[in-house]
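Subject: Structure handover

Hello,

Here is the structure I promised to pass on. Please open it first, then read my notes below.

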Amino acid sequence: MISMPSLRAKLVAYTILIVLAVAGAVSAISVSLSYRASFAAFERHTVVLARTLGEAVLEPLYELNIKLMRQQASSVLASEGALRVMILDAGTRVLTDGTDENPLRGKRLNAPHLLQARETAAWVTRLQDGVLLVAGPVQATADRRLGYVVLEFSTARLDAEWMKHIRQTLLLSGVCAFLASIAAVIMASRITRPIQRLTDFAAGIRSGGGKREVPDCGNDEVGRLAEAFAGVLTHLDRSNTELKALASSLENQVKERTRAAEAGSKAKSEFLATMSHEIRTPMNAVLGMASLLEETGLNEEQALYARTIAESGEALLEIINGILDFSRIDTGKLELQTAPLDLRELLTAVVRLLSPKPDEDRVTLRLDYGPDVPSAIVGDEARIRQIIVNLIGNALKFTEAGSVTVGVTGRADGNRAMLRIAVTDTGPGIPENDMQKIFEAFCQADSTASRDVGGTGLGLTIASRLAELMGGGIEGQSEPGTGSTFTFACSFAMAGNLVPG
Ligand SMILES: Nc1ncnc2c1ncn2[C@@H]1O[C@H](COP(=O)(O)OP(=O)(O)OP(=O)(O)O)[C@@H](O)[C@H]1O
Ligand SMILES: [Mg+2]
């Protein structure tokens with residue numbers, strides 16, 4: 001991972017860059033200004049020398065006194081930096097160059113600066129390859145020109161002085177930049193130290209350890225930031241404490257209410273169980289007496305009354321048994337009684353019992369038990385029957401015409417049998433929204449329909465709870481208008497040595 005440069009390093013780097021840029025710019029401006037000033041002074045000096053020489057040779061030129069002209073020229077030639085001094089006649093022919101040999105004498109000079117001086121009648125200077133050229137006319141009067149003075153001076157001394165100046169300036173800038181860098185390091189440390197302290201403190205808080213006291217960060221912006229941070233921390237601590245208190249009080253409330261609700265629910269279930277049990281005993285007596293009454297010599301009307309008493313009692317007993325089962329399951333008191341059984345036989349008996357009478361031929365009921373599907377299992381026969389009776393009972397109850405099929409599929413898996421008992425009808429079906437609801441206690445998909453056919457709405461609840469107790473489950477699938485399929489799926493232990501009877 002590339003680590004980002006620290007604030008301190010950035011501050012130092014930026015400060016040094018700024019100092020270097022400023023020092024460089026100031027040095028460059030200073031060097032160039034000073035060079036221009038020195039050069040202008042040098043130029044003025046040479047022009048003054050040339051003019052003075054021009055005045056001095058006015059008379060010798062007039063008299064054409066070459067010796068005197070050479071003396072004057074050689075005195076100028078002796079001055080520092082002078083390379084050549086020439087006095088020319090009006091036709092730009094060299095009269096003397098100040099030396100005894102005078103090699104150029106008589107030669108015509110056609111240098112551009114001389115031609116310019118000749119045309120403009122003014123003093124002309126020009127810099128060429130490190131040599132300053134000066135040329136100007138010698139006038140007797142405004143109309144009469146006697147000749148020209150041409151001087152050549154070396155700028156070597158000027159250049160040397162300039163180089164020296166550059167070196168000094170660079171040295172000075174370097175020293176300044178060095179001092180500024182030291183100052184930048186000190187300044188950056190001072191600025192970043194409190195920020196670092198605050199960062200370390202925040203990191204300590206985040207890792208859960210560390211002191212809760214905000215470090216001293218001075219009185220400037222960072223100090224104020226630290227104070228604000230301290231304020232936020234205090235506020236957070238207070239809110240945390242309040243939240244914890246609230247959470248614990250809520251938890252206590254929830255516990256208290258759950259306990260009360262559980263106690264209420266248990267009391268309700270126990271009451272239901274006791275009541276159902278208590279009603280069942282006299283109800284059995286009523287049923288027994290009704291059947292005894294039926295066997296005595298009754299006339300037709302009396303026999304009808306006695307039958308009605310018996311049938312109503314049986315219906316009531318069924319409801320009471322349902323409520324008793326439900327409360328037993330709800331309070332966890334229902335225990336399964338498992339034993340080896342033959343499922344094919346069990347289902348055949350149930351289908352035979354529930355099959356509509358042939359004269360009421362509106363619905364047919366049949367069993368479809370696959371030949372290879374295991375049949376000898378270990379389970380609670382009475383409870384399996386209760387589940388199947390309920391599913392088939394519902395299918396028959398809600399199907400006006402058509403068929404109800406009990407299909408059994410499954411396979412052996414080691415010493416267990418995975419079985420699916422599906423009850424399919426051609427009834428009215430159940431809307432998707434109601435499918436979940438009908439597994440809840442006392443819930444019916446269409447209360448008007450069930451009013452016609454009767455029932456408490458407990459059958460599926462009890463059946464699915466029983467299936468869950470066996471480690472399986474019941475699921476329903478339906479298409480309104482076409483029919484429904486309720487499937488009881490469960491894994492049973494296989495009863496290997498069951499003798500089919
Ligand atoms: N095969 C089915 N076809 C259509 N609707 C059904 C079917 N099976 C169940 N239902 C709907 O689900 C509701 C609940 O069924 P459940 O067996 O729990 O109660 P019930 O049959 O009404 O009463 P109980 O079974 O207690 O006598 C039914 O009232 C009915 O609306
Ligand atoms: Mg039912």
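First, a term: axes are lines fitted to C-alpha atoms, for helices over the stretch in contact, and angles run from 0 to 180 degrees between N-to-C directions. Helices (H or I, at least four residues) and strands (E, at least two) are DSSP runs, numbered from the N terminus. The model is predicted, so local features need pLDDT of at least 70 and side-chain atom pairs count only at pLDDT 80 or more, while totals for chains, interfaces and linings use all residues. Residues are numbered from 1 along each chain as its sequence is written, and chains are lettered from A and ligands numbered from 1 in the order in which they are written.

**Helix pairs**

Start with helix α1 (residues 7-56) and helix α3 (residues 66-77). Their axes come within 10 Å and cross at roughly 165 degrees. That makes α1 roughly antiparallel to α3. The cut-offs: under 35 degrees is roughly parallel, over 145 roughly antiparallel, 65 to 115 roughly perpendicular, and the rest oblique. α1 passes α3 in a right-handed crossing. Handedness works like this: a crossing is left-handed if the near helix is turned anticlockwise from the far one by less than a right angle, and right-handed if clockwise. Leu49, Leu53 and Ala56 of α1 meet Gln72, Ala73 and Val76 of α3. Here, contact means C-beta atoms, placed from the backbone, within 7 Å. By class, this contact has 5 nonpolar, 1 polar and no charged residues. Ala, Val, Leu, Ile, Met, Phe, Trp, Tyr, Cys and Pro count as nonpolar, Asp, Glu, Lys and Arg as charged, and the others, Gly among them, as polar.

Next come α5 (residues 156-206) and α6 (residues 221-295). Their axes come within 10 Å and cross at roughly 15 degrees. That makes α5 roughly parallel to α6. The crossing is left-handed. Pro194, Ile195 and Leu198 of α5 make the contact with Val222, Leu225, Ala226 and Phe229 of α6. By class, it has 7 nonpolar, no polar and no charged residues.

α8 brings Leu346, Leu347, Val350 and Leu354; the α9 residues they meet include Ile384, Ile388 and Ile392. By class, the contact has 9 nonpolar, 1 polar and 2 charged residues.

**Cores**

A nonpolar core is a set of buried Ala, Val, Leu, Ile, Met, Phe, Trp, Tyr and Cys residues joined through C-beta atoms within 7 Å. Buried means 20 or more other C-beta atoms within 10 Å of a residue's own, exposed means 12 or fewer, and partly exposed is in between; the C-beta atoms are placed from the backbone.

The largest core has 35 residues. Ile387, Ile388, Leu391, Ile392 and Ala463 have the most contacts inside it. Elements supplying at least two residues each include α7 (300-330), β9 (402-413) and β12 (483-494). α9 gives the most, with 7 residues. Leaving aside neighbours within four places in sequence, isoleucine 392 is in contact with Val350, Leu354, Leu365, Val404, Val406 and Val423. A second, separate core of 28 residues includes Ala50, Leu53, Leu95 and Leu133.

**Helix α12**

8 of the 11 residues of α12 are buried, so this helix is largely enclosed by the rest of the structure. Among those buried are Leu460, Ile462, Ala463 and Leu466. Its cover includes α7, α9, β11 (473-479) and β12. Just after α12, glycine 471 takes a positive phi of about 90 degrees.

**Single residues**

Threonine 92 has a positive phi, near 60 degrees, without being a glycine. It sits in the loop between β1 (82-89) and β2 (94-96). Threonine 92 counts as buried, with 20 C-beta neighbours inside 10 Å.

Asparagine 102 is not a glycine either, and its phi is positive, about 50 degrees. Its place is the loop between β2 and α4 (112-120). Asparagine 102 is partly exposed, with 16 other C-beta atoms within 10 Å.

Glutamate 432 lies in helix α10 (residues 432-437). It is exposed, with 11 other C-beta atoms within 10 Å.

Best wishes

Technical notes: Contact = placed C-beta atoms within 7 Å.
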